[in-house]
Amino acid sequence: MKSAFIVLVLVILTSAAAAVWLRKLVHAALCLTATFAGLAALYLQLGAEFVGFAQILIYVGAVAMLVIFAILLTRNAGMTPEVRWSKHSGIIGTAIGLLVLGCLLISLSASNGIRLIAANTPEPTINVQRMGEQLMTRCVLPLEVLGLLLTAAMIGAVILAMPEKHGEGLDSDGRKIDEL
Amino acid sequence: MVDFARQPSAGRPFPPAGPNPNERYRIVSQPSENGGLQNDLLEVSMGPQHPSTHGVFRMDLVLDGETVVKLKPVFGYLHRNHEKLAENMTYLGSMPYTDRLDYFCSMTNNWAYALAVEKLAGLQVPERAEYIRIIVGELTRLQNHACLVGFLLQDLGAMGTPLMYAFREREKILDLFEALSGSRMMCNYLRFGGCRIDFPEGWLEQAKKLVAEFPRFLDEFEALVTGNEIVLARLQGIGVLSPELAINASITGPMLRASGVDYDLRKVDRYGLYDRFAFRVPLGDHGDCYDRMMMRILEMRETLTILDAALRDLPEGPILDPKSKLRGFKPKPGEAYGRIEAPKGELGFYLISDGSANPFRYRVRPPSLINLTILEDLCLGHKVADAVVILGSVDIVLGEVDR
Amino acid sequence: MLGGGIIKGLIETARNFLGSYHDPARFVTVQYPEQSRVHPENNRNFPFLVFDGDDPAKGLRCVACKICEKECPPQCIYIVPERDERGRPRKHPAIFDIDVSVCMSCQICVEVCPFDAIKMDQVFELSGPDRFGRLLLHKQDLAKPNDYYRAIHPSEAVAVDAQLAAERALLEAKAKTNVAPKAGGMPPAGTPAQPKYSIT
Amino acid sequence: MLLETWLVQLKHWMVNLFPAGWQPGVGSLVSVTVILGVFATLFAVATLLERKGLGRIQNRPGPNRVGPWGLFQPVADGIKMLTKEDIVPLTADQVVHFLAPIVLLAPVTLAFAVIPFGRKLVPIDLDAGLLFFFAVGSAAEVAAFMAGWSSHNKYSLLGAMRAIAQMISFELPLVISTMAVIMMSGSLSLVEIVRAQDGGVFGLIPRWHVLTPWGLAGFLIFFTAALAESNRSPFDLPEGESEIIGGFMTEYSGFKYALFFMGEYFGMFAVSGLATTLFLGGWHAPLPFLDRTLVPSFVWFFGKLLLLLFVFIWLRGTLPRLRVDQLMNFSWKFLLPLALINLLVVALWRFTASWPLAGRWALCLVALAAPFVALGAALMRHRHWKPRHYRYAR
């Protein structure tokens, strides 16, 4: 089990490092996808089936694609960026990294998961059904709020992506061509 | 070569938004390093080897995403010097070469050429020969239109099924041509002042049987094609050709009639004996790809009525003008233009004779080429997939475009 | 309703699918090497030379008049007439080549031939191992007996044979009248006895 | 009973030959080998079936030269594919170009792991099996993108963009249509879902989900979306042979191309298998009393799978292809709303359990048919798409 964990971690760290270091944006995005997939594998190894599958479905299937779309549809994103190394950027990057790490550490130590492991209690069996029940009862409000937020984001995205209606895209009768 | 990337005109259905598309966009011939699509125009060279450019035809497309913003038809890959060759050849020697213009419709090509030479030499075609010409010409129209619809559906991605059905029926017509002229496609059948040989035994019965069975095929075809929602969605409102533009660009044939202009040489010129036959000319109201497809299907039905009557009323008699001769044929000096309503449009031959055995000037007016000139105006603003379909609905044969 | 046309189309293809198993009007494929279509009589592919009798060298109808060579649109025929000791052409070809990689099967040579010497063949399995080798046909490849012509173009051959017989009879009759000028030497009634064209 | 379990018993016997520590590993290896073997064979059979079926639809015999009735055609194809030169464009991104077919095939093959092929033939009974299926399925998009982008070919790039956009759009109706089943059977485990379709009325009418109004609608939506997910006609735009030649596969040749082809077919098998499991009663016999006969359950499963494959082929032989924007509109404006409405109908079906059957059916059918007709009419009427009548001159 431990060896599998080490292999997974190595894969994740390597691909994450590659995502940062590679010059070509698309390569970086693909490495990021590999990182996501590795994380999902890590979840699965920890026995968190649902989270693992959701990770693949959402991050590999959707977020990575979103990243790729964003790269492809942004002008000049395709060019190899001229990387200027300055002390500032290094310092800022490190600072942000440390900040995130700190946040994570604080929240982790505050959660009761650590205490459970320390107390050597048997792990609670979590199946999908119970998770669903929790989502529909105790966590229903955050769920709804999240749903609302995402809906608003989606509507915003649709409005942003709507084609310009004037002039272009009209045929001789003044009807729109692009629309179905 | 003619530059078909013309200036934006008033007749163009989709005026580009900017004064010049090139100014708004950067045209790239390769996708950028990461294949950026937005704002970078992609120049795609479709053809000369492409599954659906109908032979060796090339479309230089400039795409914004998948939308066509510029299109340049490039042709000449099949140029065979037909017109100049014909000027160094006897009148009869050019006849088999006309087969190879629009190799789907060799009979009508023969007919147009024979008509021009007959005008030049003042030959009279016997009545029976005129009937035979109408029969073979209309059979040609039948197979050309059936195949066109098949090809169009093939371009839509229908995996060859409609095309195979059309070919199944076309084979029967080609069998008739083979039994009559000896060759399935390169018929070389008509002669100046008539036809080469008369119908062989059993041919008329076979032809009557075919004409009787053909409506069933058409019904099946229509069930498969005309009501299909995907076909409707893909063809209606695509490649709209306004009647004004069609007339200005001298479009002819079903493409012109799909735009609602009533112009059929069989009715206008009444060449041959077409005034003896009652048939209707279908007209479209929208001028889009669907109308162009339907024109062909409806014309097939009209053609069947002509064939029915012609096979029934076929008179007896000679099939060749006795003044016609094979060798030493030298029409007196003069000029003539013979034109017919070929399946693809007005096919004309312009000949000048200086009294020798070869024509002094020989010129073809090919419907495919002239109908093709409008391609950019039809395609602008549509998607790549539509450009392919519009090209299909124009109905070209590269043998005729390039000559 | 959406989907109606699609269902109609599906029914149509299903009917064709099933029909291809029992309906010969739909299933028209010919399994070529095993089966073969029967050619109609008028079918034409490449020209061949007809000879009478048994000996292709002697019986060839061709008189090397070069009309077909002149009229051939793609110029695929090459003829050299045989010459006697004094260099006058004998009415026989020394070389008669047809390049069938150039020939476009238009039948004009057949139409212009005044001697019914060249006719259209129906052989179509002509592929060879190299590019041009088997596609340049020489006199000996082209010469085929009249029986063969009768077999592939039966009704046409009957008419041609009748006409040739009539011509021969006329010539014989003429020869007779020349040798012994008698009043009764008449050509057989009915058939036009003139050759179609005279050679200059 | 032996017919039913011989595969499992064979596996047990083989596994028992090994020491205890190895047994789990060997067991999964045997399962994987069998699954791959079966589906590779099915792939060969399906290519032949497709070509034969398309041929018959088009009134021609299809391949019939290799072996009796052309049965060895797939073998010949395989030899051809293996021996063909593997051409990689000079400007292609070599690594990504090489990885793409593998990235496509691996997850698609993983998807077979959760499908119950027979009563005793369940590779893994995952608690969240359905989720697993969609999770691995979504990785195919990455592969399509990798192939298209790395080829450095304009047609490939267009094809890749089409593929991604299409797969993302159709994943929603696909997933939502299965949610109806989850709501009724109360489980994400595919084994549980099959079990929920056990038995039947009078032992004659099976209790398959497809035989309920919501199940029928769900099945049709699922199948349509599955067509698009597996890039099959009429949604084969990513390949779009007449427009963009081969789409993201244009620059692949030889065995890599065969892998793409295999990936497409495996995807087709996987979604057909899932459709069978979710809606067509999985491995249950078409008539419930047949379940107790000697015919092993996996026969029924693969029978249904082949039937669905035939529908795939039939549709391919009939329909032309949609356009990109029409495809998107069809997904977002038609399939997705219908799938959402279907969720409401399931709820309705559930809450009217005490009603007489006819009343339930009528209510649900109306609730489904009305939006279907309305949405369809809206889709077509927007651009005045309808068959036309024509006038004649004079």
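By salt bridge I mean a side-chain nitrogen of Lys or Arg within 4 Å of a carboxyl oxygen of Asp or Glu. Between chain D and chain B there are five of these. One of them joins the side chains of D288(B) and R388(D), at 2.7 Å from N to O.

This is a predicted model, where local features need pLDDT of at least 70, side-chain atom pairs count only at pLDDT 80 or more, and totals for chains, interfaces and linings use all residues. Residues are numbered from 1 along each chain as its sequence is written, chains are lettered from A and ligands numbered from 1 in the order written, and side-chain values use heavy atoms, without hydrogens and water.

Back to the interface. Chain D contributes 41 residues and chain B 63, with contact meaning heavy atoms within 4.5 Å. On the chain D side, 19 residues are nonpolar, eight polar and 14 charged; Ala, Val, Leu, Ile, Met, Phe, Trp, Tyr, Cys and Pro count as nonpolar, Asp, Glu, Lys and Arg as charged, and the others, Gly among them, as polar.

The two chains also share strand pairing: strand 7 of chain B, residues 282-283, runs antiparallel to strand 3 of chain D over two bridges. There, L283(B) is bridged to R391(D). Strands are DSSP runs of E, at least two residues, numbered from the N terminus, and two pair if DSSP finds at least two bridges between them.

Now the hairpin, in chain C. Strand 2 (77-83) and strand 3 (89-99) pair antiparallel over six bridges, with R83(C) opposite P89(C). Five residues separate the strands, and G87(C) in the turn has a positive phi of about 85°.

Note on methods. Helix = DSSP H or I, 4+ residues; strand = E, 2+ residues; numbered from the N terminus.
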